[in-house]
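This briefing is meant to be read with the structure open beside it. Please follow each topic in turn and find the named parts as you go.

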2 protein chains.
Amino acid sequence: MPHALVFDAYGTLFNVHSVQARCEALWPGKGALLSQTWRARQLEYTWQRSLMRRYAPFSQVTGDALVYSCELLGLKIGEQEKQALMDEYRKLALYPEVSNAMKKLKTKRAILSNGSPDMLDPLVAQSGLSFDAVLSVDELKVYKPAPEVYQLAVDRLKTPKEEIGFVSSNCWDALGAKSFGFTVYWINRAGAPLDRLGFQPDRIVKSLDEILL
Amino acid sequence: MPHALVFDAYGTLFNVHSVQARCEALWPGKGALLSQTWRARQLEYTWQRSLMRRYAPFSQVTGDALVYSCELLGLKIGEQEKQALMDEYRKLALYPEVSNAMKKLKTKRAILSNGSPDMLDPLVAQSGLSFDAVLSVDELKVYKPAPEVYQLAVDRLKTPKEEIGFVSSNCWDALGAKSFGFTVYWINRAGAPLDRLGFQPDRIVKSLDEILL
């Protein structure tokens, strides 16, 4: 077991698609499609803005991706619906095994997230989980999988990268962390194919529990 | 009219989804879905690898994205099918208006593409079009929309960016070029929503013809 574990937040500890129910309530029959389109565009905007060197906080990128996705799908969205959905992002559900698994964990632990503090801090606060550090890319103004993001965890935890285990459900994030030099656990809950980015995770697991065995 | 026009290749001059027919012939009923999934993943890999600083040529990224997409969709692909589809990429169809529109064009013109020379050069050669320069990100080892890619056109055409018009059907590419400082024409053939990346194209047109009017 590594000396410290660093966790991705969205999709790894917190279920991003739990916004789906709220989407479905607003636009019956479109919840799943909107939720997936929104998530995909949100990530694309983080990569594109990083390459353009036009960083904007994750809260803005997430709102922008929502407005785009609604327009793409022909769904009318006003300020009230947008606010309701953005609020939902601040109270995402934990995956079922996360609370118990984290209680058993004896190592140092941190979150390393794309989320800007205005989204991430309330989310972590309401989760009941505790961490040695909650780190956001926001202070670097560049998104994952840029190597300087993973370096932030090394610096803040004062732990060499060889002693850090990185946990993500987002395969590209796991492989970005592997490329940087972490020991990497990919939580592949959905049985997705491995992304072809020139790297392999050290371990592929089905849930957080398995990492602690 | 700007002093020089710089064109994106894939999706702008050449119809990427003309590979769809070949996909459909190989896996009946799945051509459209595979073609779209493949294109989306191809672009994601360019962004992710650029941020990871793990550039690989577009030919490799395109092949990797194909293999991933087939696995995702449960389609069995061997070396022969992969080669057939990669070959298709080297003989993509031009959009219908392109040949005539390019003949009317009086300015300097260049291609600025993500394509590596092994894919891009045969494609341009078979198109019957001629350019003052065919520029690939491959010499920079970073993909669009990084600003240094757009700078390459400035350097090679020896034309200040204020005098360059950039033409792309990929909205994120158009906005990356706008962020860099080009005058930008977004060819929005499909009536897609504008991407929310903090910039606006100078003109939105339905086809290449309209730019020359």
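Rings of Phe, Tyr and Trp (its six-membered ring) form an aromatic pair if their centres lie within 6.5 Å, and such a pair counts as stacked when the planes are under 30 degrees apart, as edge-to-face when they are over 60 degrees apart, and as tilted for the rest. By that rule the structure, which is a predicted model, holds 24 aromatic pairs over all chains. The points below begin with these rings and then turn to the sheets and helices.

**Aromatic pairs in chain B**

- Phe58(B) and Tyr143(B) make a tilted aromatic pair, with 6.1 Å from centre to centre and 50° between the planes.
- Because Phe58(B) belongs to helix H3 (residues 58-72) of chain B while Tyr143(B) sits in the loop between E3 and H7 of chain B, this pair ties together parts that are 85 residues apart in sequence.
- Are Phe58(B) and Tyr143(B) buried or exposed? Both Phe58(B) and Tyr143(B) are buried.
- The ring centres of Tyr150(B) and Phe166(B) are 5.5 Å apart and their planes stand at 85°, which is over the 60 degrees required, so this pair is edge-to-face.
- Tyr150(B) comes from helix H7 of chain B and Phe166(B) from strand E4 of chain B, so the pair ties together parts that are 16 residues apart in sequence.
- Tyr150(B) and Phe166(B) are both buried.

**Rings and charges in chain A**

- One aromatic cluster is formed by Tyr10(A), Trp38(A), Tyr55(A), Phe58(A), Tyr89(A) and Tyr143(A).
- Lys161(A) lies over the face of Phe180(A), at 4.3 Å from the ring centre, and Arg189(A) lies over the face of Tyr95(A), at 3.6 Å from the ring centre.

**The sheet of chain B**

- Strands of a sheet pair through backbone hydrogen bonds, either parallel or antiparallel.
- In chain B, 6 strands form an open sheet whose order is E3-E2-E1-E4-E5-E6, and their pairing is parallel.
- Which strands of chain B are the edge strands? They are strand E3 (133-136) and strand E6 (203-205) of chain B, each of which pairs on one side only.
- On average, neighbouring strands of this sheet are turned by 25° against each other, direction ignored.
- Strand E1 (residues 4-7) of chain B runs parallel to strand E4 (residues 164-168) of chain B and is joined to it by 4 bridges, and Ala4(B) stands opposite Ile164(B) in E4(B).
- Helix H7 (residues 147-157) of chain B lies across E1, strand E2 (108-113), E3 and E4 of chain B, and runs at about 150° to E2(B).

**The sheet of chain A**

- Chain A has an open sheet of 6 strands in the order E3-E2-E1-E4-E5-E6, with parallel pairing.
- Its edge strands are strand E3 (133-136) and strand E6 (203-205) of chain A, each pairing on one side only.
- Strand E4 (residues 164-168) and strand E5 (residues 183-187) of chain A run parallel and are joined by 4 bridges, and Ser168(A) stands opposite Trp186(A) in E5(A).
- Helix H6 (residues 117-127) of chain A packs on the sheet, where it touches strand E2 (108-113) and E3 of chain A, and its direction makes about 155° with that of E3(A).

- Helix H2 (residues 31-52) of chain A has 22 residues and, at 1.5 Å a residue, should span 32 Å, which agrees with the 31 Å between its end C-alpha atoms.
- H2(A) is mostly covered, since 18 of its 22 residues are buried, and just after H2(A) comes Arg53(A), which takes a positive phi of about 60°.
- The buried residues of H3(A), including Phe58(A), Tyr68(A) and Leu73(A), pack against H2, helix H4 (79-89) and H6 of chain A.
- Just after H3(A), Gly74(A) takes a positive phi of about 70°.

**A residue in helix H5 of chain B**

- Asn100(B) lies in helix H5 (residues 98-104) of chain B, and because its relative accessibility is 49%, Asn100(B) counts as partly exposed.
- From C-alpha to C-alpha, Asn100(B) and Pro122(B) are 21 Å apart in space, and they are 22 residues apart in sequence.

Technical notes: Residues are numbered from 1 along each chain as its sequence is written. Chains are lettered from A and ligands numbered from 1 in the order in which they are written. This is a predicted model: local features need pLDDT of at least 70, side-chain atom pairs count only at pLDDT 80 or more; totals for chains, interfaces and linings use all residues. Side-chain values use heavy atoms; hydrogens and water are left out. Two strands pair if DSSP finds at least two bridges between them. Helices (H or I, at least four residues) and strands (E, at least two) are DSSP runs, numbered from the N terminus. Axes are lines fitted to C-alpha atoms, for helices over the stretch in contact, and angles run from 0 to 180 degrees between N-to-C directions. Contact means heavy atoms within 4.5 Å. The expected span of a helix is 1.5 Å times one less than its number of residues. Buried means under 20% relative accessible area, exposed over 50%, partly exposed in between (1.4 Å probe, protein chains only). A charge sits over a ring if NZ of Lys or CZ of Arg is within 6 Å of the ring centre and within 35 degrees of the ring normal.
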